2 protein chains.
Amino acid sequence: MTTDTQTLKQEFIEGLSGISAFWGFPKGMGALFAVLYLSPNPLSLDELVEQSGLTKGAVSTNVRALARLGLVHRSTRLGDRKDYYEAETDFYKSVRAILKERQNTEFDRAVASVKETLSKLEAGAGSSDPAEQAFLLERVRALQSFFEALDSLFSAISRLDSLGFGTVQTILNILK
Amino acid sequence: MTTDTQTLKQEFIEGLSGISAFWGFPKGMGALFAVLYLSPNPLSLDELVEQSGLTKGAVSTNVRALARLGLVHRSTRLGDRKDYYEAETDFYKSVRAILKERQNTEFDRAVASVKETLSKLEAGAGSSDPAEQAFLLERVRALQSFFEALDSLFSAISRLDSLGFGTVQTILNILK
DNA sequence: TACTACGTTTAGTAAATACTAAACGTAGTA
DNA sequence: TACTACGTTTAGTATTTACTAAACGTAGTA
């Protein structure tokens, strides 16, 4: 017996929901993206409600978040008050957008706080015992430079005009 | 007025807690790692309780999780029943360990589910309308190949014997 | 002006998560 | 054997998060 389209879509939606949750996004976001990704034409908010099983409020919130990440695009039609959404199909583009988004917000703040600790140490703060001081300085410095490397990596990727199979392939060769 | 060591450490601990939470780990894990990272000598569970402010239970759980990720190392001393922990200082090593860990668990399961959807589609499931069928096939295939690229990337990194500044630098040059 | 068809916001809720406090298990020691 | 000093497990709790249901605001239309 062969699975019907409806069931197949449902499985796909659940798969993407899981992936979404895994990466720290609401499950609903994954589900909505999945629905849009499997739709040949843009869908209205009400159609999303219908196909995702979420309520209007949740769809409104989640689809807006998706749009902010550049994973979906909103469009309108003349003489039609509805908004329509469609999925971005260039995933590499999306990765860049997500990295860019993530860079601001809390991550940056936390990393900045480590940087500040370092600055204070370098300015001579906390000098109780010279040996301990040197130790702290060395450790915090090492962490800071690691963060800097990560940060360069992320911002390099998000600044990229094109990132695709080719780039990934090249990187894979280096890592080999 | 210059900040004292205690305050400095506290700020650092809070910073790492935030970073931990940002990446989807418990805040306590970040805090414990921070405490260990700033300690010149291995610490016992009770010392961790004292310095982190968490309870024994929480420390026990979180420090074990850190050990599983390879972010801290457990050791014992002769004629001493206590366990001692110290921080891993090679962050690149830790990144590999974390990626390896993450690859199993839920992420893999979710990705596998997408793969399965593709298999079913290729086997001819869900064939209501030929045009729709072709469309679905194309989309799911594209997503699948993207996941495969990601997966290769992650496992290449986690298989790496050495990953450090050098490698990151090389990659940055390519991305430039 | 009132009406309708939208999207958004809000107040409340259910579920997940990481914690605390305390019971528990266990291995060494007298 | 009982006692002590550990780490672990468990039961309960507080907090966060993403959701639902419904009120709300608003722009077009008669």
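**Exercise 1. Describe the hairpin that β2(A) and β3(A) form, giving the number of residues between them and the residue in the turn with a positive phi.**

Solution. Step one is the turn: 2 residues separate β2(A) from β3(A) in this hairpin, and Gly79(A), which lies in the turn, has a positive phi of about 65°. The model is a predicted one, in which local features need pLDDT of at least 70 and side-chain atom pairs count only at pLDDT 80 or more, while totals for chains, interfaces and linings use all residues. Residues are numbered from 1 along each chain as its sequence is written, and chains are lettered from A and ligands numbered from 1 in the order in which they are written.

Step two is the pairing: strand β2 (residues 72-77) and strand β3 (residues 80-87) of chain A are antiparallel and share 6 bridges. Strands are DSSP runs of E with at least two residues, helices are runs of H or I with at least four, and both are numbered from the N terminus; two strands pair if DSSP finds at least two bridges between them.

**Exercise 2. Work out which elements of chain A and chain B supply the surface near DNA strand C, and which gives the most.**

Solution. Begin with the residues: 20 of them surround DNA strand C, and the closest are Leu45(A), Gly57(A), Gly28(B), Gly57(B) and Ala58(B). A residue is near a strand if its C-beta atom, placed from the backbone, lies within 6 Å of it. Next come the elements, where α3 (45-52), α4 (56-68) and β3 of chain A, with α2 (27-37) and α4 (56-68) of chain B, each supply at least two residues. The most comes from α4(A), with 5 residues. By class, the surface near DNA strand C has 4 nonpolar, 8 polar and 8 charged residues, where Ala, Val, Leu, Ile, Met, Phe, Trp, Tyr, Cys and Pro count as nonpolar, Asp, Glu, Lys and Arg as charged, and the others, Gly among them, as polar.

**Exercise 3. Determine how chain B and chain A are related and through which surface the copies meet.**

Solution. A rotation of 180° with 0.0 Å of shift along its axis superposes chain B on chain A, with an RMSD of 0.1 Å; the two copies are therefore related as by a two-fold rotation axis. The superposition is by least squares on the C-alpha atoms of residues with pLDDT of at least 70 in both copies. The contact takes 51 residues from each of chain B and chain A, and on the side of chain B that touches chain A the largest share, 11 residues, comes from α7(B). That side divides into 30 nonpolar, 14 polar and 7 charged residues. Because 100% of the interface residues of chain B are also interface residues in chain A, the copies meet through the same surface.

Methods: Two residues are in contact if their C-beta atoms, placed from the backbone, lie within 7 Å.
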